[in-house]
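Here is a short briefing on one structure. Please look it over first, then read the points below.

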2 protein chains.
Amino acid sequence: MTIADSHPEAETAIRGAGLRVTESRRAVYEALREHPHASAEDVFAQVVPTVPGTSLQSVYNALNDFVGAGLVRRIEPAGRAGLFELRVADNHHHIVCRSCGAIEDVDCVHGEAPCLQPSDAHGFALEVAEVTFWGVCPACSTDAVA
Amino acid sequence: MTIADSHPEAETAIRGAGLRVTESRRAVYEALREHPHASAEDVFAQVVPTVPGTSLQSVYNALNDFVGAGLVRRIEPAGRAGLFELRVADNHHHIVCRSCGAIEDVDCVHGEAPCLQPSDAHGFALEVAEVTFWGVCPACSTDAVA
DNA sequence: CAGCTTTTTTGGATTGTTCAAAACAACGGT
DNA sequence: ACCGTTGTTTTGAACAATCCAAAAAAGCTG
């Protein structure tokens, strides 16, 4: 089996975005599939074992190229490193645990951006509304009680 | 006129938060009054001329102390340095120009946090909903047309 | 498979922010 | 008005996340 055969979807996505298919890019894509809100370091840690010799810089390159090509979305909850996710078409939001940092997707109630209207847009041409919910995740609530 | 007399509100606010009143803290507070969405560097640049010898570190100290005391709120639009503002009691939001970075406050339609409910909170104990609107400000729209 | 172009590697630079120790200053009590 | 305690500032260094640039390597098109 060739490398290409083992990850058909990643290959298709990458090639379809007009990017060359390389082992690291495929691995980066797969890493995001497994960990939907991963930092560059997270991705790197996941990629290195399967594609030895990959550099952190390459992971950044791949992630930035993916973002540029619209394959990946980058989010950045306050006080955290940038996180990357494959869900890109829908305008969804996130809920972040202010205790442990866990992140979950939250579907947007309204289908498309901007899913929300500002009370006063100050003349801005509005494009998207980014919503981040902050709270405490179930695991951390339990810990606090215990 | 004493130093204290010249900035009565800042003094009151700082002392009321249980913090000692110093020249740099007063200047930091005043800087935020004049520039409502300033970075630490911005504040520093504004403070130095009036309180020479102030260090950037002191500005960070003051800002962090203020945030800790609830006098100041820190926001962090994706891809930007942290910004500080005095409006802290109301749960308001922001609209950011994706071209020039200009920021305006947007009043929250609902009075208090969380002003928005996630479609599925995944069991999280929800605390606040942080909304960032992205768009293009009037000045940048005009430039684009010209 | 040959060559052009993109990607990766390597090494360094940069920005924003924090840490820690020593010098200093605010302020409540005498 | 001064003093001592305790909080604050300074200084200098460290840090994390990210980007830049040149040379080496690899993907893809004909």
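Predicted model: local features only at pLDDT ≥ 70, side-chain atom pairs only at ≥ 80, totals over all residues.

Residues are numbered from 1 along each chain as its sequence is written, and chains are lettered from A and ligands numbered from 1 in the order in which they are written.

- Near DNA strand D, the elements that give two or more residues are α4 and α5 of chain A together with α3 (23–34) and α5 (56–69) of chain B. Helices (H or I, at least four residues) and strands (E, at least two) are DSSP runs, numbered from the N terminus.
- α5(B) gives the most to this surface, with 4 residues.
- By class, the surface near DNA strand D has 6 nonpolar, 13 polar and 5 charged residues. Ala, Val, Leu, Ile, Met, Phe, Trp, Tyr, Cys and Pro count as nonpolar, Asp, Glu, Lys and Arg as charged, and the others, Gly among them, as polar.
- Around DNA strand C there are 24 residues, of which Thr22(A), Gln57(A), Ser58(A), Ala81(B) and Gly82(B) come nearest.
- Two or more residues near DNA strand C come from each of α3 and α5 of chain A and α4 (40–50) and α5 of chain B.
- α5(A) gives the most to the surface near DNA strand C, with 4 residues.
- The surface near DNA strand C divides into 6 nonpolar, 13 polar and 5 charged residues.

**Chain A overall**

- Chain A has 6 helices and 6 strands. From the N terminus on, they run α-α-α-β-α-α-β-β-β-β-β-α.
- The C-alpha trace of chain A spans about 55 × 50 × 25 Å along its principal axes.
- Of its 146 residues, 29% count as buried. Buried means that 20 or more other C-beta atoms lie within 10 Å of the residue's own, with C-beta atoms placed from the backbone.
- Of the contacts in chain A with a separation of 6 or more, 39% join residues 24 or more positions apart. Two residues are in contact if their C-beta atoms, placed from the backbone, lie within 7 Å.

**Helix α3 of chain A**

- The 12 residues of α3(A) (residues 23–34) should span 16 Å at 1.5 Å a residue, and the end C-alpha atoms are 17 Å apart, which agrees. The expected span is 1.5 Å times one less than the number of residues.
- Its buried residues are Arg25(A), Arg26(A), Ala27(A), Val28(A), Tyr29(A), Ala31(A) and Leu32(A).
- Their cover includes α2 (8–16), β1 (38–39), α4 (40–50), α5 (56–69) and β3 (83–85) of chain A.

**Where chains A and B meet**

- The contact takes 34 residues from chain B and 34 residues from chain A.
- β6(B) gives the most to the side of chain B that touches chain A, with 12 residues.
- That side of chain B divides into 20 nonpolar, 7 polar and 7 charged residues.
- β6(A) and β6(B) run antiparallel and are joined by 11 bridges. Two strands pair if DSSP finds at least two bridges between them.
- Val136(A) stands opposite Ala125(B) in β6(B).
- The largest nonpolar core has 24 residues, and Val131(A) and Val131(B) have the most contacts inside it. Such a core is a set of buried Ala, Val, Leu, Ile, Met, Phe, Trp, Tyr and Cys residues joined through C-beta atoms within 7 Å.
- Not counting residues up to four places away in sequence, Val131(B) touches Leu116(A), Ala129(A), Val131(A) and His93(B).

**Strand pairing within each chain**

- In chain A, 4 bridges join β4 (residues 93–97) to β5 (residues 103–106), and the two run antiparallel.
- Ile95(A) stands opposite Glu104(A) in β5(A).
- This hairpin has 5 residues between the strands, and Gly101(A) takes a positive phi near 90 degrees.
- In chain B, 3 strands form an open sheet in the order β1-β3-β2, with antiparallel pairing.
- β1 (38–39) and β2 (73–75) of chain B stand at the edges with a single partner strand each, so one side of each is left without a neighbour in the sheet.
- Ile75(B) stands opposite Leu83(B) in β3(B).

Definitions and conventions:
Buried ≥ 20, exposed ≤ 12 C-beta atoms within 10 Å, placed from the backbone. Near = placed C-beta within 6 Å.
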